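Q: I would like to see how the words used for a structure follow from their cut-offs. Please take the terms one by one and set each value against its rule.

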Amino acid sequence: MKPVNETKISFVSRSANEGFARAAVAAFAAQLDPAVDELVDLRTAVSEAVTNAIVHAYPDKLGVITLTVQLFENGCIRVQVRDRGCGIPDVDKAMEPLFTTGGEDRSGLGFSVMESFTDRLRVRSKIGKGTTVTMEKTIAPRVRARA
Amino acid sequence: MQLELTKHDDRLVARLIGELDHHAAAEVRERIDNAVLQQRCRRLTLDFSGLTFMDSSGIGLIMGRYRLMHSCGGTLQIENASQRLETVIRLAGLEKLPIWDETERKKTHETCQ
């Protein structure tokens with residue numbers, strides 16, 4: 001299925017850009033007229049994916065994170081968060097709830113939140129090459145009051 | 001993100017205002033921990049009523065402050081957690097910790113029924 005609209009944004013892996021990334025996705029997704037709850041789900045999932053890239057993909061240096069957002073005719077929104085960082089040695093392990101390598105103030109819930117707040121989550125990673133997180137969420141059609 | 005710290009006797013109330021993510025959590029954590037340790041607070045309350053956004057960094061903040069208060073024989077209480085925060089709390093399996101404002105939770109529960 002081809003997207004009806006698409007945007008691509010690249011930014012440096014500074015934590016200040018976490019807010020920028022979720023605001024950018026929310027602004028683009030507004031075309032699908034999402035409900036407030038759907039938008040918060042999306043913003044939260046994006047925040048988790050981008051934070052993972054900032055904290056884990058580039059632990060000792062700054063790198064580039066690319067965000068691709070695609071909108072489909074059926075109301076589906078696909079968000080891809082891609083980094084060229086260190087990669088995840090064991091994706092299944094990383095996706096276990098509460099597993100973290102990020103120190104004691106990281107909850108290890110990032111992937112669980114992405115999974116709960118979107119309809120589909122796919123993670124591809126290669127050591128030394130980077131990680132791509134793809135999330136999909138279908139925005140429910142809104143029943144509009146007739147004039 | 002704004003943080004309001006108020007002290008009543010040995011109780012520190014930290015009211016978080018704005019968006020709590022990994023970026024904001026670093027500074028919030030440092031300011032709360034410094035205040036707790038310097039002012040020798042035995043009770044810490046995290047008031048989430050002013051939050052407009054929170055991701056799992058908030059859970060990390062709660063877990064870390066719980067450990068801090070526990071290590072110095074104190075207690076932690078969370079006030080005004082949103083429904084969404086409760087979803088994440090359940091994902092973390094933290095709902096059994098004795099830190100939740102039970103009257104608030106009961107009220108929310110009753111409203112849902």
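A: A residue is buried if 20 or more other C-beta atoms lie within 10 Å of its own, exposed if 12 or fewer do, and partly exposed in between, with the C-beta atoms placed from the backbone. This is a predicted model, in which local features need pLDDT of at least 70 and side-chain atom pairs count only at pLDDT 80 or more, while totals for chains, interfaces and linings use all residues. Residues are numbered from 1 along each chain as its sequence is written, and chains are lettered from A and ligands numbered from 1 in the order in which they are written.

Q: Why is B:Arg40 called exposed?
A: B:Arg40 has 10 C-beta neighbours inside 10 Å. The limit for exposed is 12 or fewer, so B:Arg40 counts as exposed. B:Arg40 lies in the loop that joins helix H1 (22-38) to strand S3 (43-54) of chain B. Its phi is near 50°, a positive value in a residue other than glycine.

Q: Is A:Asp33 buried, exposed or partly exposed?
A: A:Asp33 has 14 other C-beta atoms within 10 Å. A:Asp33 sits in the loop between H1 and H2 of chain A.

Q: What makes A:Pro89 an exposed residue?
A: A:Pro89 has 10 other C-beta atoms within 10 Å, which puts it in the exposed class. A:Pro89 belongs to the loop between strand S3 (76-83) and helix H3 (91-94) of chain A. Its C-alpha atom is separated by 7.6 Å from that of A:Lys126, although the two are 37 residues apart along the chain.

Q: How do you know which residues of H3(B) lie on the same side of the helix?
A: In helix H3 (residues 83-92) of chain B, the residues B:Val88, B:Ile89 and B:Ala92 are buried. They cover an arc of only 105° around the axis (the arc of the directions from the helix axis to the C-beta atoms), which puts them on the same side of H3(B). On the other side of H3(B), B:Gln83 and B:Arg90 are exposed. The buried residues pack against H4 of chain A together with helix H2 (57-71) of chain B. After H3(B) comes B:Gly93, with a positive phi near 70°.

Q: What makes a stretch a helix or a strand, and how many are there in chain A?
A: Both are DSSP runs, numbered from the N terminus: a helix is H or I over at least four residues, a strand is E over at least two. By that rule chain A has four helices and five strands, in the order β-α-α-β-β-α-α-β-β. Chain B has four helices and four strands, in the order β-β-α-β-α-β-α-α.

Q: Why does the radius of gyration of chain A agree with that of a compact globule?
A: The radius is taken over C-alpha atoms, and the globule rule is 2.2 Å times the number of residues to the power 0.38. For 147 residues the rule gives a value near 15 Å, and chain A has 15 Å, which agrees. Along the principal axes, its C-alpha atoms fill a box of roughly 55 × 30 × 30 Å. Buried residues make up 35% of chain A; for the 113 residues of chain B the share is 32%.

Q: How do you know that H1(A) and H2(A) cross, and which hand does the crossing have?
A: The axes of helix H1 (residues 17-29) and helix H2 (residues 36-57) of chain A come within 9 Å and cross at roughly 145°. Axes are lines fitted to C-alpha atoms, for helices over the stretch in contact, and angles run from 0 to 180 degrees between N-to-C directions. The crossing is right-handed. A crossing is left-handed if the near helix is turned anticlockwise from the far one by less than a right angle, and right-handed if clockwise.

Q: What makes two residues count as in contact, and how many do so between chain A and chain B?
A: Their C-beta atoms, placed from the backbone, must lie within 7 Å. By that rule 22 residues of chain A are in contact with 19 residues of chain B. The largest share of the side of chain A that touches chain B, seven residues, comes from H2(A).
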